[in-house]
Amino acid sequence: MDGTIFLPLMVIIPIICAILVNLIHGAQRTTKVVAVIGAICLPLVPILATYGTQYFGAYQPLINGGLTASLPEAISSIVSGTLLELFHPAITYTFGPGQQVILFILGLVALCSVVLSITETKKTSGVYLYLLFMLTAALMAFVLTDDIFNLYVFFEIAALVQVGLILVSRIKGNYETGLKYMLLGEIGGSFMLLGIGLLLGLTGNVNISDIVMMIHSGAVDPTNPVLLFAAGMLIFGWLYATGLPPFNGIKSEIYSKGLPSGSMLLQSFSVIGCISIGLVILRIFAYSSTVQMVILSVSVLAMILGICMAMVQDDYKRIIAYLAVGELGYIGVGLGLATPYSVTAGLFQAVNELMVTSLLFMGFGVVLYLTKTSKVSKLGGLLEKMPVGAFLTIIAGFVMAGVPPFNVFQSKYMLCQAAMIAGIPELAIIMIILSIVTFLAFLKIAYAVFLQPKPDDLEISNKGMPKATLVMMAVLLIVCLVIGLFPDMVVSRLGYLAITTLLF
């Protein structure tokens with residue numbers, strides 16, 4: 001039996017889990033068991049799945065024998081030898097080595113998020129778990145789909161779920177933030193849909209491979225101004241999804257208004273959206289130097305703004321949020337340079353950021369769990385209360401800054417190499433300087449939270465640290481270390497995805 005038939009399970013499993021935990025939320029123990037079992041499946045299924053392509057409804061391209069048997073002989077003779085033979089008549093999921101790495105890490109982060117939400121709350125919320133699983137399903141579909149309209153559908157689902165995660169957090173100001181993000185989402189989503197509609201009108205397709213084929217075969221003029229306008233619309237949607245400028249402010253605010261477990265997946269949406277939509281834009285418009293320059297310029301601006309804004313914050317949740325937005329700029333640089341090596345480095349950075357930012361949200365989530373405050377100026381002396389958690393959190397900060405021998409050092413080193421190869425040494429210098437500033441910024445936070453004397457008015461809960469959180473943090477740090485020591489086992493797989501993206 002063709003193992004690719006199981007590819008949709010990567011999306012179906014979290015959807016089924018979302019429905020179940022919402023239906024049985026009154027039974028606390030059963031809800032937890034279902035959630036944990038479903039969460040464990042998330043990183044396992046990508047490992048067990050077979051590389052290949054899944055055609056929904058079994059409708060393969062005509063050249064593969066898809067509908068040829070049911071077509072009249074006269075029509076078959078007309079279609080034979082034309083581009084119509086290559087078109088994908090159904091939604092297509094593509095799964096290769098690169099997708100496997102991304103989905104495994106995403107599944108691992110989702111597992112940590114679910115476990116964190118269960119262990120750090122007295123009463124497990126079926127609605128909250130529903131939102132976590134639905135967002136995971138949307139992100140899985142982002143990575144797998146080769147259909148741009150299917151991508152848009154899950155883009156909208158993910159946007160609504162993000163608002164839901166903010167509304168249920170009960171953090172001061174969450175309703176206002178959720179409303180602002182939803183209104184901006186209406187604009188970003190509408191612009192993206194407009195771009196998709198223009199592509200459909202010009203090429204007659206919503207399948208990404210078919211759109212690329214139509215443009216590069218000469219069936220559609222690549223200099224058509226309508227096509228370039230569609231590129232602008234897609235880039236606008238990409239900026240909204242990632243939180244790159246001008247959406248960096250609202251995106252960082254979204255992170256800060258979520259619970260730690262929710263913020264882990266909120267930042268995952270930004271990272272997965274950055275690479276998924278970014279790769280689609282590259283595949284379709286890689287021939288346009290203007291598109292590449294826009295991506296590169298916005299990404300450099302994001303790196304600079306992210307670290308500058310982080311340095312002036314007093315709320316560690318906002319600090320992590322701005323650092324996360326700044327780190328997205330590194331991914332964008334890899335995509336904007338638009339070479340197989342740079343795109344591989346950008347994808348590598350994305351995989352690493354999924355884990356590292358999640359580590360920081362977990363570590364500082366424990367600080368919030370014990371102190372009920374996220375103000376850096378009101379904290380101190382927590383090293384004595386949570387020595388293991390403090391150690392793991394500080395190491396995570398060093399990892400984000402690119403300290404060897406961890407994984408982020410490898411990906412940022414590759415990005416600097418890519419900039420040098422592209423003949424832009426100034427860009428490599430900027431990335432090195434910003435990494436050093438990130439390191440210094442995190443040292444400042446770590447000292448204020450863990451090492452400086454405890455303020456007299458700070459109340460620390462007598463509750464111990466959730467052991468599950470420590471285990472999840474340790475697991476992610478071990479994965480970061482292993483990837484840092486043996487980067488080729490990830491880079492080689494991501495390189496295959498980068499090459500296929502720029503194949504035309």
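Is Lys-372 buried or exposed? Good morning, colleagues. The model before you is a predicted one, and I shall answer that question first.

Lys-372 lies in the loop between helix H14 and helix H15, the latter spanning residues 382-385. With a relative accessible area of 61%, Lys-372 is exposed, because the cut-off for that class is over 50%. Its backbone also deserves a remark: Lys-372 is not a glycine, yet its phi is positive, at about 65°. As background, most residues other than glycine have a negative phi, and most peptide bonds are trans.

Ala-338, which is not a glycine either, has a positive phi near 60°. Ala-338 is placed in the loop between H13 and H14. Its relative accessibility is 18%, and Ala-338 therefore counts as buried, the limit being under 20%.

Let me turn to the peptide bonds. Pro-245 and Pro-246 are joined by a cis peptide bond, with omega at about 15°. Pro-246 belongs to the loop that runs between H9 and helix H10, residues 248-257. Another cis peptide bond links Pro-404 to Pro-405, and there omega is about 10°. Pro-405 sits in the loop between H16 and helix H17, residues 407-421.

I come now to the packing of helices. Two packed helices are described by the angle between their axes and the distance between the axes.

I begin with H14, residues 340-371, and H16, residues 387-401. Their axes come within 9 Å and cross at roughly 150°. Angles over 145 degrees count as roughly antiparallel, and H14 and H16 are therefore roughly antiparallel to each other. The crossing in which H14 passes H16 is left-handed. On the H14 side, the residues that meet H16 are Val-356, Thr-357, Leu-359, Leu-360, Gly-363 and Phe-364. On the H16 side they are Thr-393, Ala-396, Gly-397, Val-399 and Met-400. Sorted by class, this contact of H14 with H16 holds 7 nonpolar and 4 polar residues, and no charged ones.

The next pair is H2, residues 28-48, and H5, residues 126-144. These helices pack at an angle of about 15°, and their axes are 12 Å apart. That makes H2 roughly parallel to H5. The crossing of H2 and H5 is left-handed. From H2, the contact draws on Thr-31, Ala-35, Gly-38, Ala-39 and Leu-42, while H5 supplies Leu-129, Phe-133, Thr-136 and Met-140. By class, the contact of H2 with H5 comprises 6 nonpolar and 3 polar residues, with no charged residues.

H5 has 19 residues and reaches 27 Å from its first C-alpha to its last, close to the 27 Å expected at 1.5 Å a residue. Of those 19 residues, 17 are buried, so H5 is largely enclosed by the rest of the structure.

The last pair is H10 and H11, which pack at an angle of about 155° with their axes 8 Å apart. That makes H10 roughly antiparallel to H11. The crossing of H10 and H11 is right-handed. Lys-251, Ile-254 and Tyr-255 of H10 meet Ser-263, Leu-266, Gln-267, Phe-269 and Ser-270 of H11. By class, this contact of H10 with H11 has 4 nonpolar, 3 polar and 1 charged residues.

Finally, I ask you to look at H12, residues 289-311. Helix H12 has 23 residues and reaches 34 Å between its first and last C-alpha, close to the 33 Å expected at 1.5 Å a residue. Among its buried residues are Val-291, Ile-295, Val-298, Ala-302, Met-303, Gly-306 and Ala-310. An α-helix has 3.6 residues a turn, so residues three or four places apart point the same way. Which helices cover the buried residues of H12? The cover includes H9 (225-242), H11 (260-285), H13 (316-337) and H18 (425-451).

Gly-326 is found in helix H13, and at 5% relative accessibility Gly-326 counts as buried. Leaving aside neighbours within four places in sequence, Gly-326 is in contact with Ala-302, Met-303 and Gly-306. For a sense of distance, the C-alpha atoms of Gly-326 and Leu-502 are separated by 25 Å, and the two residues are 176 residues apart along the chain.

Thank you for your attention.

Conventions. Residues are numbered from 1 along each chain as its sequence is written. This is a predicted model: local features need pLDDT of at least 70, side-chain atom pairs count only at pLDDT 80 or more; totals for chains, interfaces and linings use all residues. Side-chain values use heavy atoms; hydrogens and water are left out. Axes are lines fitted to C-alpha atoms, for helices over the stretch in contact, and angles run from 0 to 180 degrees between N-to-C directions. Helices (H or I, at least four residues) and strands (E, at least two) are DSSP runs, numbered from the N terminus. Angles under 35 degrees count as roughly parallel, over 145 as roughly antiparallel, 65 to 115 as roughly perpendicular and the rest as oblique. A crossing is left-handed if the near helix is turned anticlockwise from the far one by less than a right angle, and right-handed if clockwise. Contact means heavy atoms within 4.5 Å. Ala, Val, Leu, Ile, Met, Phe, Trp, Tyr, Cys and Pro count as nonpolar, Asp, Glu, Lys and Arg as charged, and the others, Gly among them, as polar. The expected span of a helix is 1.5 Å times one less than its number of residues. Buried means under 20% relative accessible area, exposed over 50%, partly exposed in between (1.4 Å probe, protein chains only).
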